[in-house]
Amino acid sequence: MKIGMISFAHMHAYSYAAHLHAHPDVELAAIWDDDPARGTAAAEQFGGTFYEDLADLLATDLDAVVVCSENNKHRAHVVQAAQAGKHILCEKPIATTVADAEAMLAACKDAGVILQIAYPVRFAPVVQRVRDIVQSGQLGEILAIKGTNHGQMPGGWFIEEELSGGGSATDHIVHVMDLIRWMLQDEVKNVYAELDTRFYDIAVEDCGMVSLELESGVIVTIDPSWSRPKTFPTWGDVTMEIVGTKGTLSVDAFKQALHYYNDREGKTQSLPWAEDMDKRLIGDFVQCVKQEGEPSITGEDGLRTLEVVKAAYESSRTKQVVTLNRS
C-alpha cells in the first residue's frame, strides 16, 4: 500500500511517518509540505519522494494520505485529497470551523473515500480496558466524569489563532471529549466554559475549565490547560475520574512509564513502556484502507468534538450556557 504525507507542520506527523515507514505492508511513497526545507528533510528521514506541488503528489498512485498541516488548512487538503480519490487520515481537530468540517465530510462522502480522524488515545490499551469496564456495567449508571488534558504550551502556529483556530481549548478539549463519546455513546447537550490566558504572554487562551451536561444527564468537566512547565517530564497528561452508582474508576493514560534522570541533557524524562498508541492508530488506518470499511474514528466523530469546542468559546465569550441543537 502506498501512502503519502501532507505536511509536517504538526509534530505528530513525525511519529505517524515513522510508523508508516516501519509498517510491513506500507510504502511511505510521497511527501508534500509548503515548507520545502521541512518537507525535504522529512523525505530524507523517512524515504519517499518530496513534491513541491500537492497536485503532483495527488496525481500519483497513492492509496491514502495522512494530513498533518495547520488546522485551518485541513479543509483544503482533505477536500483536494478526496477529489483525487485518496483515503485520508486527518490530524485533530478536524477543522477550525464547523462549516469546514461539514464540507470535508461531504467531499469524502461524494468521493467515496475514507475519512478517519487521528484520536490516538483511543488506542491506549489502558483506555480500551476502561471502556470495557464502563460498558460492562461494573460501575453501574455513570453519573459524572472529571477529565484533564494538560500539556506544555507548544508555541509556533499553535498560538496563532488564524492558523490554529484557538489555543489550549482547541488543542485539548477534543481528546477527552472523544473518549467520553466513545465510552458512553452519548452526546453533549449543554456547555459552560471559562477560558483565559494566565500562564503565557500569548494572544490565545492557555487555560480554562469546561463543564458539560450530556444528553443522558451525565455531568462532565474537562481541564484543557497548557499548564505543564517546560521541565515537566512529559508533554502532558490525559486523565479521567469516572463516577458511577456502583463504584468509581481513575485512569491516567500515560502512567505506564519509567522515570529517566537524564544528566546528559539536564532533565528528567518520562519514558513510556506501554504499547504505542500512535502505532496502533496507524495500524488501524492501514487495515481500514485495506478492507475499505468504515473507519473506527469517523469524520462525524471529529465534527461532534469540534462542535463542543466552538460551544465552549461561545460560552466563555457570553458567560452563558450554550445548548447544542443538532438536526
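1. Lys-146 has a relative accessibility of 45%, so this residue counts as partly exposed. In this predicted model, the side chain of Lys-146 meets that of Glu-241 in a salt bridge, at 3.8 Å from N to O. The pair joins distant parts of the chain: Lys-146 belongs to strand E7 (residues 142-148) and Glu-241 to strand E11 (residues 239-244), 95 residues apart. Glu-241 is likewise partly exposed, because its relative accessibility is 38%.

2. A second pair to check is Asp-237 with Arg-228. Their closest N and O atoms are 3.2 Å apart, and the two form a salt bridge. Asp-237 has a relative accessible area of 9% and is therefore buried, the cut-off for buried being under 20%.

3. Helix H10 holds a pair of its own. Glu-307 and Arg-304 both lie in this helix, 3 residues apart, which is about one turn. Their side chains meet in a salt bridge at 2.8 Å, N to O. Glu-307 is buried because its relative accessibility is 13%, and Arg-304 is buried because its relative accessible area is 14%.

4. The structure has 19 salt bridges. Some are joined up: a network of salt bridges links Asp-33, Asp-34, Arg-38, Glu-70 and Lys-73. Side chains of opposite charge can pair when their charged atoms come close.

5. In soluble globular proteins, nonpolar side chains tend to be buried together. Here the largest nonpolar core contains 98 residues, and Met-5 and Ile-88 have the most contacts inside it. Helix H8 (residues 168-184) gives this core its largest share, 10 residues.

6. Which residues does Ile-88 touch, leaving aside those up to four places away in sequence? The contacts are Val-65, Val-67, Val-78, Ala-81, Ala-82, Cys-108, Val-113, Ile-114, Leu-115, Gln-116 and Phe-285.

7. The largest pocket has a volume of about 1,100 Å³. It is lined by 40 residues, of which His-12, Thr-234, Trp-235, Phe-254 and Asp-278 are the closest to its centre. Two or more lining residues come from each of helix H1 (12-22), helix H6 (125-136), H8, strand E14 (267-272) and helix H9 (277-291). E14 supplies the largest share, 6 residues. By class, the lining has 21 nonpolar, 12 polar and 7 charged residues.

8. The second largest pocket holds about 230 Å³ of space. Among its 13 lining residues, Val-113, Ile-114, Leu-115, Glu-294 and Pro-295 are the closest to the centre. The lining divides into 6 nonpolar, 3 polar and 4 charged residues.

9. How many cavities of 30 Å³ or more does a search of the whole structure find? The search finds 1, and the largest cavity has a volume of about 50 Å³. Its lining consists of His-10, Asn-71, Lys-92, Pro-93, Phe-158, Ser-164, Gly-166, Gly-167, Thr-170 and Asp-171. These lining residues comprise 2 nonpolar, 6 polar and 2 charged.

Terms used
Residues numbered from 1 in each chain as written. Predicted model: local features only at pLDDT ≥ 70, side-chain atom pairs only at ≥ 80, totals over all residues. Heavy atoms only, no water. 1 Å grid on protein atoms, 1.4 Å probe; cavity = no way out; pocket = protein on both sides within 12 Å on 5 of 7 lines; lining within 4 Å. Points joined across faces, edges and corners; volume = space filled by probe spheres on them. Nonpolar A, V, L, I, M, F, W, Y, C, P; charged D, E, K, R; others polar. Core = buried A, V, L, I, M, F, W, Y, C linked by side-chain atoms within 4.5 Å. Buried < 20%, exposed > 50% of the residue type's maximum accessible area, 1.4 Å probe, protein only. Helix = DSSP H or I, 4+ residues; strand = E, 2+ residues; numbered from the N terminus. Contact = heavy atoms within 4.5 Å. Salt bridge = Lys/Arg side-chain N within 4 Å of Asp/Glu carboxyl O.
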